[in-house]
Amino acid sequence: FLTNMNYDGKVGNFRIISHKVVIQLKNMHEQIRFLGGLIHWLGFPTTAIDIIQEKRFTGKSSYNLKKLITLATNFIIAYSNRPLKFSIYFGFFISFFSFSFGVYEIIRTLLLGTPVSGWASTIVSLYFLGGIIITILGIIGLYLGKIFEEVKQRPIYVIQQTTQAK
């Protein structure tokens with residue numbers, strides 16, 4: 001969900017790939033390399049073969065929860081700006097909610113004559129500014145994400161097939 005990519009977690013990294021795909025993979029000079037994500041990004045047609053996965057004869061997987069979380073985090077960071085966009089929406093939501101609460105307190109004071117307690121104005125101010133700061137950090141993060149995409153130096157396009165005129 002956070003990567004905005006249709007990725008099937010049941011598909012393993014053991015693949016049969018064509019020479020064209022190998023050449024394109026060699027042209028990608030990324031430090032965070034996730035084979036499934038790179039092949040998906042390249043856009044070549046793929047297919048899956050259903051197999052029955054047998055249980056291990058001995059030992060157990062070396063991927064514990066910490067390694068799986070690290071793998072997922074690297075995958076999200078390397079292939080998506082979605083969390084940054086969510087932070088912008090979250091910041092707007094906090095600011096809008098605190099602004100609405102501030103307007104409610106002002107209207108309540110003007111219409112009902114109840115005094116505004118000191119904590120209300122302080123909390124509204126803190127949450128409003130906090131939401132603005134989160135929004136600005138999200139926007140800066142998107143700019144950094146664009147720089148990150150450029151630094152990866154992925155090809156602008158991938159040629160799947162060429163034909164020659166006769």
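The model is predicted, so local features need pLDDT of at least 70 and side-chain atom pairs count only at pLDDT 80 or more, while totals for chains, interfaces and linings use all residues. Residues are numbered from 1 along each chain as its sequence is written, and side-chain values use heavy atoms, with hydrogens and water left out. Helices here are DSSP runs (H or I, at least four residues), numbered from the N terminus.

**Helix 1 and helix 2**

- The axes of helix 1 and helix 2 come within 11 Å and cross at roughly 110°; axes are lines fitted to C-alpha atoms, for helices over the stretch in contact, and angles run from 0 to 180 degrees between N-to-C directions.
- That makes helix 1 roughly perpendicular to helix 2 (65 to 115 degrees counts as roughly perpendicular).
- Helix 1 brings Val21, Gln24 and Leu25 to the contact, and helix 2 brings Leu35, Leu38, Ile39 and Leu42; contact means heavy atoms within 4.5 Å.
- By class, the contact of helix 1 with helix 2 has six nonpolar residues, one polar and no charged. Ala, Val, Leu, Ile, Met, Phe, Trp, Tyr, Cys and Pro count as nonpolar, Asp, Glu, Lys and Arg as charged, and the others, Gly among them, as polar.
- Helix 2 (residues 35-42) has Gly36, Gly37, Leu38, Ile39 and Leu42 as its buried residues, where buried means under 20% relative accessible area, exposed over 50% and partly exposed in between (1.4 Å probe, protein chains only).
- Those buried residues of helix 2 pack against helix 1 and helix 3 (65-79).

**Gln24 and Val158**

- Glutamine 24 sits in helix 1 (residues 19-26) and counts as buried because its relative accessibility is 14%.
- Not counting residues up to four places away in sequence, glutamine 24 touches Leu42, Phe44 and Val158.
- Valine 158 belongs to the segment after helix 5 and is partly exposed, at 23% relative accessibility.
- With neighbours within four places in sequence set aside, valine 158 is in contact with Gln24, Trp41, Leu42 and Phe44.
- Valine 158 and glutamine 24 are 134 residues apart along the chain, yet their C-alpha atoms are separated by 7.5 Å.

**Helix 4 and helix 5**

- Helix 4 and helix 5 pack at an angle of about 160°, with their axes 7 Å apart.
- That makes helix 4 roughly antiparallel to helix 5 (over 145 degrees counts as roughly antiparallel).
- The contact of helix 4 with helix 5 has 16 nonpolar, nine polar and two charged residues.
- Helix 4 passes helix 5 in a left-handed crossing, meaning that the near helix is turned anticlockwise from the far one by less than a right angle.
- Serine 95, in helix 4, is buried with a relative accessible area of 5%.
- Leaving aside neighbours within four places in sequence, serine 95 is in contact with Phe128, Gly131 and Ile132.

**Aromatic pairs**

- Rings of Phe, Tyr and Trp (its six-membered ring) pair if their centres lie within 6.5 Å; planes under 30 degrees apart count as stacked, over 60 as edge-to-face and the rest as tilted.
- By this rule there are four aromatic pairs.
- Phenylalanine 93 and phenylalanine 97 make a stacked pair, 6.4 Å centre to centre with 20° between the planes.
- These two, phenylalanine 93 and phenylalanine 97, are separated by about one helical turn because they are four residues apart in helix 4 (residues 82-112).
- Phenylalanine 93 is exposed at 54% relative accessibility, and phenylalanine 97 is exposed with a relative accessible area of 54%.
- Phenylalanine 99 and phenylalanine 128 form a tilted pair, 6.4 Å centre to centre with 45° between the planes.
- Phenylalanine 99 lies in helix 4 and phenylalanine 128 in helix 5 (residues 118-152), so this pair ties together parts that are 29 residues apart in sequence.
- Phenylalanine 99 is exposed at 52% relative accessible area, whereas phenylalanine 128 is partly exposed at 31%.
- Phe101, Tyr104 and Trp119 form one aromatic cluster.

**Out in the loop**

- Phenylalanine 57 is in the loop between helix 2 and helix 3 and counts as exposed, at 84% relative accessibility.
- From phenylalanine 57 to isoleucine 140 the C-alpha to C-alpha distance is 50 Å, and the two are 83 residues apart in sequence.

Technical notes
Angles under 35 degrees count as roughly parallel, over 145 as roughly antiparallel, 65 to 115 as roughly perpendicular and the rest as oblique.
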